[in-house]
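Subject: Handover of a structure and notes on its side chains

Dear colleague,

Please find below the structure that I am handing over to you. My notes on it follow, and I would ask you to read them with the structure open.

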Amino acid sequence: MKTVTVGLVGAGYAAHLHGRGYSKVHGVQVRLKTIVDLDEQRAKEIADAYGFETISTDYQELLNDEEIDVIDIVTPPHLHLAFAVQAIKAGKHVICEKPLTGYFGEECDEKPIGHQVAKAKMYKSVLREIEEAKQVIASSDRLFMYAENYIYSPNVLKAAEIIQHKKSKLLFMKGEESVRGSSSSVAGNWDKTGGGALMRIGCHPVSGVLWLKQVEAKARGELISVESVHADTGNIITSLTDYDKRHLTSKPMDVEDFANVTITFSDQTKAVVMASDHVLGGTKNYIEIYANDGVMHCNITPTDNLRTYFLDQEGLENVYFSEMMDEKLGWNNLFVAEEILRGYTGELQDFMKCVAENRQPLSGIDLAYETIQVVYAAYLSASEGRKVFLANEI
């Protein structure tokens with residue numbers, strides 16, 4: 001059995017999700033060798049928790065290590081593309097967290113860039129960067145694996161299986177990821193995140209509906225692409241008083257805290273995606289599929305396989321209930337086997353098998369590219385108040 005040796009860069013929240021996912025990979029021997037982060041203490045905590053052999057503060061060590069087969073990138077978004085390209089050029093397979101890239105500013109830009117830089121400039125810039133990255137990947141024999149956990153969620157995979165067998169025509173889809181703000185201190189700054197709620201969390205359901213549409217296209221022997229994007233974004237929190245904001249944690253500086261996006265495909269079917277930073281009650285993730293011959297609701301989180309009711313929180317201080325849910329009083333829907341139900345185990349299982357068997361992943365550079373194109377087309381649409389036809393913007 002081939003052993004796949006992994007180096008991880010980044011020791012934040014996603015490192016825990018990937019660490020738990022690796023522990024459940026089967027059929028492939030996985031060796032977690034090195035984790036890199038500028039914060040040595042955080043790196044040590046990840047290493048101790050998931051069994052990485054060594055820690056480092058130097059990304060170059062991963063690139064130079066001949067034993068490492070795969071570099072798993074879970075850094076902040078502004079480092080994703082540069083690190084991925086460096087890894088491919090160094091002869092490593094790459095796993096890259098979402099989003100692949102974004103517009104994070106240039107020296108000549110006025111600040112803050114989210115308010116001052118034209119979205120048309122951002123759109124062209126990110127597409128140019130990804131086109132260059134695609135050429136690097138295409139010229140290499142290394143794999144690029146896009147860590148979009150949505151499409152590896154068991155219910156989304158099951159829906160795809162049904163679509164493949166029935167050859168269903170997907171008439172329209174609805175997707176959403178909404179939360180109560182972000183745990184990141186830089187989530188409100190465009191130059192660190194490349195956008196707001198749509199970029200940070202809405203990219204998940206965007207990728208989900210795009211991927212399912214391609215599952216349909218392949219099953220039916222059709223060619224289907226995104227024709228246009230029409231979007232509305234806003235900053236809801238700016239209209240609230242301090243008292244109104246007492247339960248909310250989002251602090252947008254130059255990014256949106258709400259987005260609603262309509263995607264029109266070349267077969268004139270539709271998908272609607274919403275993202276918000278002001279939804280209380282835990283993380284909300286779903287894709288609803290309305291086909292010509294059936295309906296499928298993929299409820300990713302919260303699930304209802306464990307519900308609890310407590311009158312006090314005594315003894316529960318260190319018990320994890322769910323993301324974005326600190327209070328444990330009253331009724332709660334708990335996240336059970338979160339790394340499985342949210343797709344993290346599935347994606348890493350696929351990726352490790354891809355490396356071991358030299359095959360392409362379900363989620364690769366094409367999905368990463370199309371997702372970013374739709375997200376930035378949405379920003380362009382919202383800023384100029386018009387429908388953006390993708391073929392006209394290249």
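Does D293 count as buried, partly exposed or exposed? At 36% relative accessibility, D293 counts as partly exposed. Please keep in mind throughout that this is a predicted model.

Salt bridges

D293 has a charged partner: its side chain meets that of K166 in a salt bridge, at 3.8 Å from N to O. K166 lies in helix α7 and D293 in the loop between β11 and β12 (294-301), so the pair ties together parts that are 127 residues apart in sequence. K166 is partly exposed as well, with a relative accessible area of 47%.

A search of the whole structure finds 30 salt bridges. Another of them joins E384 and R386, whose side chains meet at 2.7 Å, N to O. E384 is partly exposed, its relative accessible area being 43%, and R386 is partly exposed at 29%.

E222 and R220 also form a salt bridge, with their closest N and O atoms 2.9 Å apart. The relative accessibility of E222 is 29%, so this residue counts as partly exposed; R220, at 33%, is partly exposed too. Both residues belong to a network of salt bridges that links K169, K213, E216, R220, E222 and D267.

E256 is found in the loop between β8 (226-234) and β9 (258-265). E256 is buried yet has no salt bridge. The nearest side chain of opposite charge is that of R200, 6.9 Å away, whereas a salt bridge requires a nitrogen within 4 Å of a carboxyl oxygen. What the side chain of E256 does reach is the backbone: the nitrogen of L198 at 2.9 Å and that of G196 at 3.1 Å. Leaving out residues up to four places away in sequence, E256 touches several others, including W190, D277 and Y379.

E288 is placed in strand β11 (residues 284-291). With a relative accessibility of 16%, E288 counts as buried. Its side chain makes a polar contact with the side chain of Y290, at 2.6 Å. Beyond its neighbours within four places in sequence, E288 is in contact with F172, M173, K174, M296 and H297.

Aromatic rings

A pair of aromatic rings is described by the distance of the centres and the angle of the planes. The structure holds seven aromatic pairs. In one of them, the rings of Y59 and F83 have centres 4.1 Å apart and planes at 10 degrees, so the pair is stacked. Y59 lies in helix α3 (residues 59-64) and F83 in helix α4 (residues 80-89), so the pair ties together parts that are 24 residues apart in sequence. Both Y59 and F83 are buried.

Y152 and F351 form an edge-to-face pair, 5.7 Å from centre to centre and with 80 degrees between the planes. Y152 and F351 are both buried.

K134 is over the face of Y369, at 4.7 Å from the ring centre, and R246 is over the face of Y243, at 3.8 Å.

Yours sincerely

Key:
Residues numbered from 1 in each chain as written. Predicted model: local features only at pLDDT ≥ 70, side-chain atom pairs only at ≥ 80, totals over all residues. Heavy atoms only, no water. Phe/Tyr/Trp six-rings, centres within 6.5 Å; stacked < 30°, edge-to-face > 60°. Helix = DSSP H or I, 4+ residues; strand = E, 2+ residues; numbered from the N terminus. Buried < 20%, exposed > 50% of the residue type's maximum accessible area, 1.4 Å probe, protein only. Lys NZ or Arg CZ within 6 Å of the ring centre and 35° of its normal. Lys, Arg positive; Asp, Glu negative; His and termini not counted. Polar contact = N/O pair within 3.5 Å; in protein donor to acceptor, adjacent residues only side chain to side chain. Contact = heavy atoms within 4.5 Å.
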